[in-house]
Amino acid sequence: MSSTKVPTEDAAERDRQWMARAIELALAAQAQGEVPVGAVLVAGEAMLGEGFNRPIGACDPTAHAEIVALRAAATRAANYRLPGSTLYVTLEPCAMCAGAIVQARVQRVVFGARDPRAGAAGSVFQVLGEARLNHRTAVTEGVLGEHCGALLSDFFRRRRAG
């Protein structure tokens, strides 16, 4: 579900720049044999935290890119709440990550590729915009989406062939 607010050209360019950083992080995950997903949490012009998928290497099923970025940002901000922040992530958040995003009070999520099997920002579930929760997060989807989707498709194609 996309935000109804149309971003200005400056805002759209800023979204592309931060998503490009998330893609760099996704490539770092891939280099470590992890599913290539990267995330960057930003407040204003400042990067508060970033991360990439690490569940295999960290032996931690919660070490998704979004959770790693949220933990880093919360530590840096010395606060578990991150109001006014934007999370850039290459793949639509899953239900676990969406729940953490809501708990952290992230203002906005920008993601690249939809996740038709587990996405919780509209593809399978709608956690981020759920009216029954005490916080709703604005969502912008499709930023550098073709690139993000191709990164994941190529990764899984190589894994199946391999």
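Buried means under 20% relative accessible area, exposed over 50% and partly exposed in between, for a 1.4 Å probe and protein chains only. The model treated here is predicted, so that local features need pLDDT of at least 70 and side-chain atom pairs count only at pLDDT 80 or more, while totals for chains, interfaces and linings use all residues. Residues are numbered from 1 along each chain as its sequence is written, and side-chain values use heavy atoms, with hydrogens and water left out.

**Exercise 1. Locate the residues other than glycine that have a positive phi, among them Cys59, and classify their accessibility.**

Step 1. Most residues other than glycine have a negative phi. Cys59, which is not a glycine, has a positive phi of about 50°, and Leu144 has a positive value near 55°.

Step 2. Helices (H or I, at least four residues) and strands (E, at least two) are DSSP runs numbered from the N terminus. On that basis Cys59 sits in the loop between helix H2 (55–58) and H3, whereas Leu144 belongs to the loop between S5 and H5.

Step 3. Cys59 counts as exposed because its relative accessibility is 71%, and Leu144, with a relative accessible area of 31%, is partly exposed.

**Exercise 2. Describe the largest nonpolar core and the residues with the most contacts inside it.**

Step 1. A nonpolar core is a set of buried Ala, Val, Leu, Ile, Met, Phe, Trp, Tyr and Cys residues joined through side-chain atoms within 4.5 Å. The largest one has 39 residues, and Leu41, Leu87 and Leu128 have the most contacts inside it.

Step 2. The elements that give two or more residues to this core include helix H1 (9–31), strand S1 (38–43), helix H3 (65–77) and helix H5 (145–161). H1 provides the largest share, six residues.

Step 3. For Leu41, contact (heavy atoms within 4.5 Å) can be followed beyond its neighbours within four places in sequence, and the partners include Met47, Leu70, Leu82, Leu87 and Val106.

**Exercise 3. Identify the aromatic pair and state its geometry.**

Step 1. Rings of Phe, Tyr and Trp (its six-membered ring) pair if their centres lie within 6.5 Å, and planes under 30 degrees apart count as stacked, over 60 as edge-to-face and the rest as tilted. By this rule the count comes to one aromatic pair.

Step 2. The ring centres of Phe155 and Phe156 are 5.1 Å apart and their planes stand at 80°, so the pair is edge-to-face. Phe155 is buried, with a relative accessible area of 8%, whereas Phe156 counts as partly exposed at 31% relative accessibility.

**Exercise 4. Compare the radius of gyration of the protein with that of a compact globule.**

Step 1. The radius of gyration is taken over C-alpha atoms, and the globule rule is 2.2 Å times the number of residues to the power 0.38.

Step 2. For 162 residues a compact globule would have a radius near 15 Å, and the protein has 15 Å, which agrees. Along its principal axes the C-alpha trace spans about 45 × 30 × 30 Å, and 44% of the 162 residues count as buried.
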